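Subject: Structure handover and notes

Hello,

The structure we talked about is below, and my notes follow it. Please read them alongside the coordinates.

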Amino acid sequence: MHKLLVDNPGQKSLLLGNEAIARGAIEAGVAFTSTYPGTPSSEISLNFFQVSQESDLYFEYSTNEKVALEVASAAANSGVRSMCVMKHVGVNVAADALMTLAYVGVKKGLVILTADDPYMFSSQNEQDNRYYGKLSGLPILEPSSVDEAKEMIIHAFDLSEKLQEPVIFRTTTRINHSTAIVEYGALKERITKGDFTKDPFNYVTVPAVSRRLHVKLLENYKKSEELTNTSEYNFINGTGPYGIICNGVSYGYVSDAVNDLCIKDKVKVLRIGFSHPMPKSVIRDFFNGCEKILVIEEGEAYMEEAIKAIAQENKITIPIAGKTEDLLSRLYEFDPALVRESMAKYFNIPYKAIDKPDLTDIPEIPQRPPNLCAGCSHRATFYALQKASEGMETIIPNDIGCYTLGFMPPLSVGDFLICMGSSTGTAGGFAQTTDKKVISVIGDSTFFHSGIPGLINGVFNNHNFTLVILDNETTAMTGHQPNPGVDMKGLNFEGYGQISIEKVVKGLGVQHVTIIKPYKIRKSVEAIREALDFKGVSVIISKEPCTLYEKSLKKKQRKPFYVSDKCKKHKDCINDLGCPAFFIEDSNIKIDPAMCTGCAVCAQICPENAIMPVKDN
Amino acid sequence: MDITRLIITAVGGQGNLLSSKVLGEAALLSDIPVRMSEIHGMAQRGGVVESALLFGDVKSTIISDGEADVLVSFEPAEALRAMNKCKSETVVITNLAPLPPFTVTIGSGAYPDIDKLQDLISSKVSRLIAFDAVALSKEAGNIMAVNMVLLGALAQTGILPLTVENIKTAIKTRTKKTFVETNLKAFDLGYSEAEKQN
Ligand code: SF4
C-alpha cells in the first residue's frame, strides 16, 4: 500500500514537505487532483499520481496550469473536493481562470497550491504569489513547517467550503523540499462523484452576472476578514516591547533566533499563517505595548505594506521596518543567521557573529554546473543544429526544460527565454524585426503546454522561422512525468489517449515538417539545413527518448564506447559536445563506461574515427 | 536539548539523499527531533547536491554559513567548496576519491591538489577525517556504498545524538534488501577508518 494511504492515525513518519501536503489532502478526503508539474511542487503530484493508481482518487497531469485549474474548478462545482497543484509561475498561466473563478466560487473545497521559489533554485523568477490573493480577493494560507503544512491543508479545504471560494495555499521551496517528522491523522472518506446543478445566472459570467458576482466576492471577502482575525494560524508568542511579525519559513528562523539571542522575555512574535486578507484587528492589538516592529518575510514587502497601512489607519506611530537596504532584502531566500543578525541590529541586541575561518587562501574550485546527461538526445540535436546553421547569423529563442541547459558553451543553443512556450511566440517577433535566421527550440511537454498558440501565430501571420521540437517522450526536467504525446500504454498505464506532434503540426498548416533521429548526425544536419532554407514556418521534430528515463525504465541498453589509440587528441569530441562521460587521464582522452550510453554521437564526429564501441570481453 | 547541524555535500548521483534518509530515520527511532532540507531540480543534472540536517529543538531547516557542526563531503573538491559552512569547531569528513567536474575536462578550471586540499581544511577546522571511501566501498563489495562508508565515519565521531545501533537499524529498514549486508559492512569499514584517524 502507498505510504500516504495508510490508515493509521498517530503513526509518525519522516515525510518530505510535498509528501506531507499530499497526505494532508488525502486526510481531508480530496477526490479530484490536477497539475502541471513544476519544481518545487512536483512531488505532490507524483504522490497523487501513485495514490490514484491504487485508490479511487482521481489525478491528472493536465496540459498546462490553466487547464488544470479549469478541470478542478468544474469538479469542485460538481461537489467534489479538489486540489490543483502548480509552481508559482504556473499561477500566471492559470490566472485568467483564477480571477473569474473567484467571482463564481465553488460548491466543495478547492485548494490551489502555489509553490513559490525564493532564490530561484529552479525557476525563471521569484515572484511573490501572495499578491494573487490581493488581485483575486481569495484567501491565502501559508504554513511555516512541513508538519504544519499537513494540518493546514486540511483546514484549507474546510475554509474553502465555509467561504464557497477556492483557497490559495502558498508554500516556498524550503517547505516543499524539507523533511520532518509528521504525525498521521484520520482519513476522511473520499467522495468522488457529485452533480452539477444548472444555474446559468450564477455560473455564466456575462457582464450582468459578473456585476452581481463581484458584489458576492466582496461580501465573501468581508467574511474572510472575520475569519482571518480569529484564525488559529495567526498567533502570538511571548510578550515584550520588541514586536516581530513574520510568516512562512521565516517564523522558524525567528523562533530559533529568539533562543539564540536569549531575548525570550523581550519579544513578542506574531506569526501570520492566514495572510490574505491580513488580520487587521489582530495586528492592531499587536501594536499595543510594542516599542518598535520588525516585519520578517521573504519576497516582497507584502505584509509590511499592509501593516503600515493598518498603523496609519489607527494613528499608530511606532517605527515599523522590514525591507530596507540595511535590514532585509526583497531578493532571494533568508537564512537563520541573516534573520538573527537583522533582529539584533534592529532591536540593538548585543550579538557576536560566529567566528568563521578565513577562507581567502582557498584556491578557486572548478565550477560544477548542471549539464545535460551523458548521451542526452538534446546534445545530439543541438550539435546538428549548430552544424546546419554554421556561417548563418542566428537568433535562437529557447524554452523551459532540461534543454535550457544547452545555452551553455560548447553547445550554445539558446538566446532568449522568458516563460513556458515563449520560444514559438518570440520567434515571430525576431523574424519580423531582424534579418537573422530564427530557430526556436522547445520540448514536447512545453510544446503542448503553451507552444502551440505561438506556432499557430507563426503560420497565420506568415512568419519566417524554424521550430525544432525536441520530443524525448517525457517531461524530463521535473522528474519524467508523462505529457499528451507519451505512449502511456507502453508504460503500462491504461485509459489514456495519445496526441501525435507530427499530426498537430501538419494540421496547423506547417508546410515543411521533418522528423529526425538526432543520433544520426549527418542525416539530421541535412534535414535541418533544408528546414532552414525553407521560407515561412518549418518544423523539425527530433525524436529520441530521454536517456536517463530509459535507464530508469531498465530498457535495453546500448554498448558503451571507448577512445582507441587512433586518437590524435584534437579533442573535437570534448570541445564540441561537452558530454560529461569524457574525462582526461594523463593527457589521454577517455570515456567513463559507466556513464556512456552508447549514443555514438562522438564516434560520428571524431575526425580519426578513433571512438569505437566496447567489444564484448 | 543541544542542537547539532550537519551538512552533507555530494555530486548528483552519489547517493547522499539516501544517507540523509537513513539519518532521519535513525533520529525518528531515537525520538530525536530532526528537520532536513535538500535542493532538487537543476542540481540533479550532475550539479552539487547539498543537504542540511538539524537535530534537536530547532525550527530552521537550513544551515547558515559558518554554522555547521559537521560537514560530510562525498567528494574532496566539494568539501573545499563547502568550507563556507564551517566554523573553527567543525569536524569535516571527506571522501578523497575525486570526481573532477566537467569544467576541468574542458580546461576551464583546475582540480585542486589533494594533499594541499587536506592541509587547507585541517588548518581551518578542529578535525579532518579524510580517506578514500570508494576503496572502502569496493572492499565492502558494493561500489555504490560510499554513502554508507561515510555514515560509518560520521557515527564514529559521536557528534550526532544518534546511536550506532539506531543508524544500523535504519540502514536495515531504509536501504534495498539485497544491499543491506554490504551496506552494513561499508558502514563498519568507515567507522573503523575514522577510529584509526583519531
Ligand atoms: S534527464 Fe533526459 S532530457 Fe534531461 S538532460 Fe538527462 S537525458 Fe537529457
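Where in chain A is K554(A) found? K554(A) sits in the loop between α19 (547–552) and β20 (561–563) of chain A. Please keep in mind that this is a predicted model.

Backbone

I began with K554(A) for its backbone: the residue is not a glycine, yet its phi is positive, at about 55 degrees. K554(A) is exposed, with a relative accessible area of 72%. A600(A) also has a positive phi, of about 70 degrees, and is not a glycine either. A600(A) belongs to the loop between β22 (588–591) and α21 (601–605) of chain A. A600(A) counts as buried because its relative accessibility, 18%, is under the 20% limit. For context, most residues other than glycine have a negative phi, and most peptide bonds are trans.

There are also cis peptide bonds to check. One joins T39(A) and P40(A), with omega about 10 degrees. P40(A) lies in the loop between β2 (32–35) and α2 (42–53) of chain A. Another cis bond joins P409(A) and P410(A), where omega is about 5 degrees. P410(A) is in the loop between β15 (394–395) and α15 of chain A.

Chain A is divided into domain 1 (3–229), domain 2 (234–346), domain 3 (377–485 + 497–552) and domain 4 (561–613). Between the C-alpha centres of domain 2 and domain 4 of chain A the distance is 57 Å.

Helix α15 of chain A covers residues 422–433, twelve residues in total. From first C-alpha to last, α15 reaches 17 Å, close to the 16 Å expected at 1.5 Å a residue. Its buried residues are S422(A), S423(A), T424(A), T426(A), A427(A), G428(A) and A431(A). The elements that cover these buried residues include β16 (437–443), α16 (444–460) and β17 (465–471) of chain A.

Strand β19

V539(A) is part of strand β19 (residues 537–543) of chain A. With 0% relative accessibility, V539(A) counts as buried. Leaving aside residues up to four places away in sequence, V539(A) touches L455(A), L467(A), I469(A), V505(A), V510(A), H512(A), V513(A) and T514(A). V539(A) and Q511(A) are 28 residues apart in sequence, and their C-alpha atoms are 8.5 Å apart in space.

Salt bridges

How many salt bridges are there over all chains? The count comes to 41. Side chains of opposite charge can pair when their charged atoms come close.

R368(A) forms a salt bridge with E78(B), and the closest N and O atoms are 2.5 Å apart. This pair crosses between chains, from R368(A) in the loop between α13 and α14 (377–388) of chain A to E78(B) in helix α2 (residues 76–81) of chain B. R368(A) is buried, at 9% relative accessible area, and E78(B) is buried too, at 1%.

R330(A) forms a salt bridge with E300(A), with 2.7 Å between the closest N and O atoms. This pair links distant parts of the chain, 30 residues apart: R330(A) is in the loop between β14 (320–321) and α13 (336–346) of chain A, and E300(A) is in the loop between β13 (292–296) and α12 (302–313) of chain A. E300(A) counts as partly exposed, at 23% relative accessibility.

K150(A) forms a salt bridge with E151(A), the closest N and O atoms being 2.9 Å apart. K150(A) is buried, with a relative accessible area of 1%, whereas E151(A) counts as partly exposed at 39%.

D116(A), D128(A), R130(A), E142(A), R170(A) and E297(A) are linked in a network of salt bridges.

Ligand

Where does the ligand lie? The ligand is located between chains A and B. The residues around the ligand are L372(A), C373(A), C376(A), H378(A), C402(A), N472(A), A476(A), H480(A), C546(A), T547(A), L548(A) and R45(B). By class, this shell holds seven nonpolar, four polar and one charged residues.

Regards

Notes:
Residues are numbered from 1 along each chain as its sequence is written. Chains are lettered from A and ligands numbered from 1 in the order in which they are written. This is a predicted model: local features need pLDDT of at least 70, side-chain atom pairs count only at pLDDT 80 or more; totals for chains, interfaces and linings use all residues. Side-chain values use heavy atoms; hydrogens and water are left out. Helices (H or I, at least four residues) and strands (E, at least two) are DSSP runs, numbered from the N terminus. The expected span of a helix is 1.5 Å times one less than its number of residues. Buried means under 20% relative accessible area, exposed over 50%, partly exposed in between (1.4 Å probe, protein chains only). Contact means heavy atoms within 4.5 Å. Domain bounds come from an automatic or database domain assignment. A salt bridge is a side-chain nitrogen of Lys or Arg within 4 Å of a carboxyl oxygen of Asp or Glu. A residue is near a molecule or strand if one of its heavy atoms lies within 4 Å of it. Ala, Val, Leu, Ile, Met, Phe, Trp, Tyr, Cys and Pro count as nonpolar, Asp, Glu, Lys and Arg as charged, and the others, Gly among them, as polar.
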